[in-house]
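This briefing is meant for a reader who is meeting the structure for the first time.

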Amino acid sequence: MKSDNFYNFIIVGAGTAGLTAAITAARKGHSVVVLEKGAIAGPKPRGESMAHYPLLDEILGEGYLQSIAEVKPSHRVYHSPGDIKPAGNIDMKVPYYFFEWRTLIDRMVEIAKNLGVTFLFNSEVLKPIKEKNICKGVEYRNLSGEKQNIFGNVVLACDGYSSTIGSYYNIDYSKINCPIVKFLGNNANIDIEKVSSPQLYFIGNGDLDYTPGFPPSIAYVFPIGGKKIEAGLMLRMTKAFDMKSVKIPSEEEIMDVWKNLKINYPGFSNFFTGIKTEYEELTVMPNAGLVDNFILGNGGAILVGDSAGFIDANGSSGLYFGMKMAKVWVDLISELLINNQFDWTMQNRKYLTKQFKTSKIYKTINSSYKLIGLFEWMIFKKLRTGQRINRFWKLIMWLLQVAS
Ligand SMILES: Cc1cc2nc3c(=O)[nH]c(=O)nc-3n(C[C@H](O)[C@H](O)[C@H](O)COP(=O)(O)OP(=O)(O)OC[C@H]3O[C@@H](n4cnc5c(N)ncnc54)[C@H](O)[C@@H]3O)c2cc1C
């Protein structure tokens with residue numbers, strides 16, 4: 001059913017999860033509207049590397065992901081604290097590609113538009129509209145600053161790591177989010193013939209002499225192609241809330257550490273000689289925890305992608321997992337959307353939750369929190385310092401190989 005302001009699927013947020021949901025729902029013949037607060041889809045760059053699973057061909061077109069990738073690494077390279085031990089290679093079990101964010105997003109928007117999806121840009125969703133705690137639509141502010149309502153059978157909250165919809169239902173994102181610095185640079189000191197794999201540098205708890213209290217972190221450099229790199233600093237907080245001694249640093253402290261790492265961290269800083277910064281931002285990756293319930297209130301709204309913390313705990317595959325989650329939820333909802341009507345009965349909510357929680361994708365993510373959590377607990381709580389991490393480096397590399 002489609003009227004001026006009623007749609008089968010209201011999708012909040014035009015990131016990779018929202019766009020996948022839109023494409024999947026439109027291909028099934030549903031009416032779909034996407035509300036995006038930015039002037040364009042995916043206004044801020046997020047991840048720019050992804051493993052190649054069949055879903056990518058299904059959504060983007062056969063072979064599209066490979067076609068936009070300049071670099072096709074076969075392994076990840078891990079460096080011990082201070083780059084003291086020999087770097088360890090971990091093979092990628094699934095082909096992995098780097099690409100540019102804008103290219104990926106524009107492709108998804110083009111596909112969705114061709115399928116008849118309505119896009120409302122510059123439209124910030126303010127809150128859900130509820131009746132008997134069932135979400136019936138959303139209130140949003142349009143380009144002219146006016147508040148408007150839009151209604152539908154289901155609202156998919158794909159609005160990212162600080163979801164307005166999720167927050168409205170009291171999701172505590174401070175327990176889900178982890179700080180991360182995102183950096184894009186050109187003219188990096190990199191020879192792509194020799195270094196074409198992601199480089200990851202472990203930093204032990206409190207190891208940086210200029211910031212003794214800094215928590216366990218991983219700095220990384222991803223070669224995108226030519227002299228371009230993506231780089232960053234991930235704070236590892238999977239178990240941080242259980243680590244009494246670990247405190248989340250202030251934004252100033254994180255940026256100060258980042259500045260220092262670019263100048264003088266063994267191995268890592270070499271890439272930054274002569275670099276031209278194109279983008280630099282302290283942002284968030286929601287890989288510290290996962291929400292308990294994906295269906296909000298008595299139904300009507302569902303958290304999808306980053307808004308649900310649906311990233312594997314090491315933070316490497318949020319794009320794919322969010323996209324897959326979007327596809328699974330659209331498929332599940334479509335099963336019960338009869339004559340363009342959806343009944344948010346308790347029975348239907350229970351059925352959907354059970355179907356999702358027994359899906360392979362949910363089990364993978366859920367176990368990643370246990371496995372990676374355990375791994376990081378061992379490294380960062382038991383071994384803690386760079387010195388001890390270096391001493392057990394062979395064991396760590398072996399565990400990484402087993403877990404990957
Ligand atoms: C620095 C960094 C590096 C990463 N690297 C990788 C990687 O290499 N590989 C990988 O797979 N994953 C990576 N990730 C994770 C991955 O990028 C995310 O998991 C993924 O982008 C989540 O997609 P999403 O659609 O759920 O959310 P988002 O991409 O964040 O999309 C949310 C959208 O909602 C919009 N929005 C927000 N609030 C509102 C509102 N109130 N109303 C309307 N619109 C709204 C936003 O503008 C945005 O367009 C990385 C993340 C970061 C931050």
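The chain is divided into domain 1 (6–47 + 102–174 + 291–358) and domain 2 (64–99 + 178–285), with bounds that come from an automatic or database domain assignment. This is a predicted model, in which local features need pLDDT of at least 70 and side-chain atom pairs count only at pLDDT 80 or more, while totals for chains, interfaces and linings use all residues. Residues are numbered from 1 along each chain as its sequence is written.

**The two domains**

- Taken over C-alpha atoms, the centres of domain 1 and domain 2 are separated by 30 Å.
- Nine residues from domain 1 and ten residues from domain 2 take part in the contact, where two residues are in contact if their C-beta atoms, placed from the backbone, lie within 7 Å.
- On the side of domain 1 that touches domain 2, helix 4 (residues 101–114) gives the most, with three residues; helices (H or I, at least four residues) and strands (E, at least two) are DSSP runs, numbered from the N terminus.

**Around the ligand**

- The ligand is surrounded by 38 residues, of which the closest are G13, G15, G47, G305 and G318; a residue is near a molecule if its C-beta atom, placed from the backbone, lies within 6 Å of it.
- Among the elements that give two or more residues to this shell are helix 1 (16–27), strand 3 (49–51) and helix 7 (318–336), and helix 7 gives the most, with four residues.
- Each of domain 1 and domain 2 supplies at least three residues to the shell around the ligand.

**Helix 1 and helix 7**

- The axes of helix 1 and helix 7 come within 8 Å and cross at roughly 35°, where axes are lines fitted to C-alpha atoms, for helices over the stretch in contact, and angles run from 0 to 180 degrees between N-to-C directions.
- Residues of helix 1 including T16, A17 and T20 meet residues of helix 7 including L319, G322 and M323.

**F214**

- F214 has its place in the loop between strand 12 (199–203) and strand 13 (217–225).
- F214 counts as buried because it has 22 C-beta neighbours inside 10 Å, given that a residue is buried if 20 or more other C-beta atoms lie within 10 Å of its own, exposed if 12 or fewer, and partly exposed in between, with C-beta atoms placed from the backbone.
- Apart from its neighbours within four places in sequence, F214 is in contact with G206, L208, P249 and V257.
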